[in-house]
Amino acid sequence: MAFDTIKIEKGMYSVPGKSFTQVLEELDPSSNYADTELRGLDAFQRQLKRFDIKVAGSNSDMLQKFYSTSDSAALFPEYVSRAIKQGIEETNLLPGIIATTTKIDGMDYRSVASVPSDSDKELRDVAEGAAIPETSVTTRENLVQLTKRGRMLVASYETLKFQRLDLFTVMLRQIGAYIAKQQFSDAVNVLINGDGNDNAADTVAASVSGSLCYDDLLRLWNALDPYEMNTIIASSDMMMKMLSIDEFKNPQTGINFQGTGKLCNPLGANFIKSSALDDGTLIALDKRFALEMVVASDVNVEYDKLIDRQLERATITSIAGFAKIFNQAAVRLAV
């Protein structure tokens, strides 16, 4: 089959606009294996099978297996990238607060905005021959700030070559978890302070300083109108205070939390507890309209170093930023 004869090389990582796996798929389409025992595997996974490299399980191979040939060594950066992405996906809270994700080629991006007045939000009757009300969409004055987040992989090939890939995968997944946590913190900062375009979140003060009651949450819910409060991000202390409110102590809430770890609450919003918020802070938002994620670079590894066994100080990075879409779709409560 074709996957047995493909020449794997460094240049496959530097094809503009394409990932390593996409380049492999063009050379070895998965559609060719629909009726074979290899169906369900993508082009990269077929290459692992070609070189008999097992990356998971108690019988996983040692890291040195990747370096058996020059072709198999070229697979190592993709393995590292996938393991890190797995760690990001397992711990990523961003899907719970992001309305849309925009991928760009480059470092400059200017988002769009629509700031309707109260009258603009009303779909009034339009008399015959009268002008139809307009909704203006303009570009933001300032560029979205993109931030590179990542980790340095510091280890020699001699240190790692006899380590099982399953254990090494766990370490890489932890790097992914760090990246996901930091990007979530970046997103929270934009929700609260804005993206540099004079669009910080409005603040609702608690009725009694230092405390939280159900009336505070209702005022927060009301402040989001006409948006829906479907997501609440809370600092650790605020989450404890919320769960201590009588309205959150109904039996169904307790049963659901104890059985699934998911909170059921009288307001119907999804809860996210995060250390990215300062104590005494809570954000309510409509995730459908509040935030745009801008990705300039997916998980990127220094493939040259990894292929050449120069694992010492190989960087793993991801570049992303966040932009407010509708400012009123997020409101902050300060206690």
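Which residues form one aromatic cluster? In the structure above, the answer is F66, Y67, F76, Y79, Y157 and F168. Before I go further, please keep in mind that this is a predicted model, in which local features need pLDDT of at least 70 and side-chain atom pairs count only at pLDDT 80 or more, while totals for chains, interfaces and linings use all residues. Residues are numbered from 1 along each chain as its sequence is written, and side-chain values use heavy atoms, with hydrogens and water left out.

Let me stay with the rings. A pair of aromatic rings is described by the distance of the centres and the angle of the planes. Here, rings of Phe, Tyr and Trp (its six-membered ring) pair if their centres lie within 6.5 Å, and planes under 30 degrees apart count as stacked, over 60 as edge-to-face and the rest as tilted. The structure holds 13 such aromatic pairs. One of them joins Y67 and Y157, whose ring centres are 5.1 Å apart and whose planes stand at 75 degrees, so the pair is edge-to-face. This pair links distant parts of the chain, since Y67 sits in the loop between α2 (43-50) and α3 (70-73) and Y157 in helix α5 (residues 157-160), 90 residues apart. Helices (H or I, at least four residues) and strands (E, at least two) are DSSP runs, numbered from the N terminus. Both Y67 and Y157 are buried, where buried means under 20% relative accessible area, exposed over 50%, and partly exposed in between, with a 1.4 Å probe and protein chains only.

Turning to helix α7 (residues 214-223), the buried residues there are Y214, D216, L217 and L220. They cover an arc of only 160 degrees around the axis, which puts them on the same side of α7; the arc is that of the directions from the helix axis to the C-beta atoms. Among the elements that cover these buried residues are β5 (202-205), α8 (236-243), β8 (281-285) and β11 (330-334), with contact meaning heavy atoms within 4.5 Å.

Finally, the lining of the largest pocket, to which β9 gives the most, with seven residues. The residues of this lining divide into 12 nonpolar, nine polar and eight charged, where Ala, Val, Leu, Ile, Met, Phe, Trp, Tyr, Cys and Pro count as nonpolar, Asp, Glu, Lys and Arg as charged, and the others, Gly among them, as polar.
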